Amino acid sequence: MESRAHREAQAPHAPRTRWGVDNMKKNESGNEKAVKKRRSPVVRILRIIGCILLIAVLAVAGLFAFLTITEFKPAQTQTLEINPSEEDPSDASLGKEYKLITWNTGYGALGDNADFFMDGGKGVKTADKERVLSNMETMTGRLQEENPDFIFLQEVDLDSSRSSYIDESELFAGAFSGMDSTFATNYRVAFVPYPIPPIGSVESGIMTLSSCRVRDAVRMSLPCPFSWPVRLGNLKRCLMVDRIRIDGTDDELVLVNLHLEAYDSGEGKVLQTLQLSEFLKEEREKGNYVIAGGDFNQAFSAEDRDLYPVAEGLWTPGLLDAGAFPGWQLLTDAKTPTCRSLDKPLEGADPENFQYYVIDGFIVSDNIEVESVTTLDEGFTVTDHNPVVLKFKL
């Protein structure tokens, strides 16, 4: 008989080999799992970062898509609604003295406490609701004291985060219920995403008030110097043209309220000024009496610019080319600055060492007799602009 040892020696080795292979596979699998376990925190972190980046990219893409779809694209010429006076205004008259005031209101939020990031400051929302209402009350009060026949206003908000969603046009219209009023939108963005914190939603424009009956009002789009996507968050500037009949004539008094480009590299101001020049020339050739006024964001002459030299690094206005308006009167009062820099608050600063500009004024046709042009020194307490007063006769 064979011994047990001999039988075991002669027995097939397959079962033992199978067990060994399986065991090796299990060991290898366990090692792989161990490696995976060791790597999993890094993998998870990378996956989380990837997801966050993907969400951020999709969010930005979605925002730009939303802003593109909702972009304010006004027609080249748009008829405007005339908000009629509560009284019965008359037509304009030849030989009568009139007073016109232009004032950039700084949307009620750019008082002496304010700085603004676009001018080198840090501020975005520069006033709370109480301060906006206080500034608005002061401005309407000063205008009522001056008792003008016509008012040109710029930066009047309708529904903006930066001015606590106050409808400032209603406040002005209510304060001057005896005047016809018109409004032209030049800034409407559902959400301006810059800087941090962002500007948010904006709806704003320019407003004209008239003690004479406004027969017709239109919005005329000006060239926009910005391309997509920068264009999405910028103003779409315009001329607002109000027409008033002149008693006893077939002619009109044409009032042009404007707020020209500020933060372009220069080409926008040139193109907008050229369009303005061509329009004024056409109206004068019709025999009309024409006044264009507002915030030009340009110095009216080299002399005006020399009075207030611009410090290095601060916003610099363009230079209004008088050669583009032959025969016209370019009018401002350079003895008093019409605008201050917003690189820092004026409140608490030395006003003698502050940056000032002369960029608000009028362009008047030669058939209008100008009696005076005066900048009212309001100390920039409620807005970063001073009002400019034009007295004239047709």
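Is R188 buried, partly exposed or exposed? In this predicted model, R188 has a relative accessible area of 38% and is therefore partly exposed, since that class lies between the limits of 20% and 50%. The side chain of R188 meets that of E203 in a salt bridge, with an N to O distance of 3.3 Å. Because E203 belongs to strand β6 and R188 to strand β5, the pair ties together parts of the chain that lie 15 residues apart in sequence.

Strands β5 and β6 take part in an open sheet of 7 strands, arranged in the order β2-β5-β6-β4-β3-β18-β17 with mixed pairing. The edge positions are taken by β2 (82–83) and β17 (369–375), each of which has a single partner strand, so that one side of each is left without a neighbour in the sheet. Within this sheet, β3 (residues 97–104) pairs with β4 (residues 150–157) in the parallel sense over 5 bridges, and W103 has L153 in β4 as its bridge partner. Helix α3 (residues 129–146) lies across β3 and β4 and runs at about 165° to β3, whereas helix α4 (residues 168–175) lies across β2, β4, β5 and β6, at about 155° to β4.

The structure holds 20 salt bridges. One of them joins E71 to K236, with the closest N and O atoms 2.9 Å apart; this pair links the loop between α2 and β1 to the loop between β7 and β8, across 165 residues. E71 is buried, with a relative accessible area of 11%, and K236 likewise counts as buried at 11%. In the salt bridge between E283 and K286, where the closest N and O atoms are 3.1 Å apart, E283 is buried at 1% relative accessibility, whereas K286 is exposed at 53%. Salt bridges with shared partners also join K99, R142, E145, E146 and E378 into one network.

Conventions
Residues are numbered from 1 along each chain as its sequence is written. This is a predicted model: local features need pLDDT of at least 70, side-chain atom pairs count only at pLDDT 80 or more; totals for chains, interfaces and linings use all residues. Side-chain values use heavy atoms; hydrogens and water are left out. Two strands pair if DSSP finds at least two bridges between them. Helices (H or I, at least four residues) and strands (E, at least two) are DSSP runs, numbered from the N terminus. Contact means heavy atoms within 4.5 Å. Axes are lines fitted to C-alpha atoms, for helices over the stretch in contact, and angles run from 0 to 180 degrees between N-to-C directions. A salt bridge is a side-chain nitrogen of Lys or Arg within 4 Å of a carboxyl oxygen of Asp or Glu. Buried means under 20% relative accessible area, exposed over 50%, partly exposed in between (1.4 Å probe, protein chains only).
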